[in-house]
Amino acid sequence: MARGMDLKIQRRLCSKPQEESQPQPRSRSTLRVPGHKPTDWEKRFLLWAGHFKKAEDIPETVSIETIRAAKTTLRVKFSYVMIALTILGCIIMVIRGKQAMKRHESLISINLEKKAQWREEAAQSTSAKP
């Protein structure tokens, strides 16, 4: 009875009996490339990301996962740099705005001066024409 239960379980889990299945020799999978020859830019990415210390240390073939990890690391570093530059730009604009307020310069006063100048030019051009 226990043997009959084992057969049912075996049939349910596997369509072929164990004796017929032979291990097939594994060839290279088409989905996974074991090695990738990095281009010059990818070598730079690997160096900048810190995966290798020198260009001479980079092997001739590198896994794609290593290159992807390096690119991801560089994306994160680049985003950190952009965040820092944005914050720095904001701080600089605040400082320049405070300096302009000390000189009594504002967008309103600059716009009023421009409009007054345009009105004067328009009045001169109409009075010059007889």
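This is a predicted model: local features need pLDDT of at least 70, side-chain atom pairs count only at pLDDT 80 or more; totals for chains, interfaces and linings use all residues.

**Entry 1: confidence.** The protein averages a pLDDT of 81, and 73% of the residues score at least 70. Where is confidence lowest, and where is it highest? I found the lowest in helix H1 (residues 2-13), with a mean of 54, and the highest in H3, at 95. I also marked residues 27-31, where pLDDT stays under 50. For that stretch the model has 1 contact beyond four places in sequence.

**Entry 2: the annotated span.** Next I checked the record. UniProt, in an unreviewed entry, places the feature "transmembrane region" at residues 78-95. I looked up what the model shows there: the span is 100% helix and 0% strand. Its end C-alpha atoms lie 26 Å apart. Helix H3 runs over 64-102.

Entry 3: How many aromatic pairs does the count come to? I got 2 aromatic pairs. One is Trp 41 with Phe 45, a tilted pair at 6.2 Å centre to centre and 45° between the planes. Why do these two rings come together? Trp 41 and Phe 45 are 4 residues apart in helix H2 (residues 40-49), so about one helical turn separates them.

The other is Phe 45 with Trp 48, also tilted, at 6.3 Å centre to centre with 50° between the planes. Phe 45 and Trp 48 both lie in helix H2, 3 residues apart, again about one turn of the helix.

Arg 44 lies over the face of Trp 41, at 4.8 Å from the ring centre.

**Entry 4: a backbone angle.** Last, I turned to His 104. Phi of His 104 is near 60°, a positive value in a residue other than glycine. I flagged this because most residues other than glycine have a negative phi. Where is His 104 found? His 104 is in the loop between helix H3 (64-102) and helix H4 (107-128). Its relative accessible area is 71%, so His 104 is exposed.

Note on methods:
Residues are numbered from 1 along each chain as its sequence is written. Side-chain values use heavy atoms; hydrogens and water are left out. Helices (H or I, at least four residues) and strands (E, at least two) are DSSP runs, numbered from the N terminus. Buried means under 20% relative accessible area, exposed over 50%, partly exposed in between (1.4 Å probe, protein chains only). Rings of Phe, Tyr and Trp (its six-membered ring) pair if their centres lie within 6.5 Å; planes under 30 degrees apart count as stacked, over 60 as edge-to-face and the rest as tilted. A charge sits over a ring if NZ of Lys or CZ of Arg is within 6 Å of the ring centre and within 35 degrees of the ring normal. pLDDT is the predictor's confidence in each residue, from 0 to 100. Contact means heavy atoms within 4.5 Å. UniProt positions are given in the numbering used here, feature names are shortened, and annotations may be inferred rather than shown by experiment.
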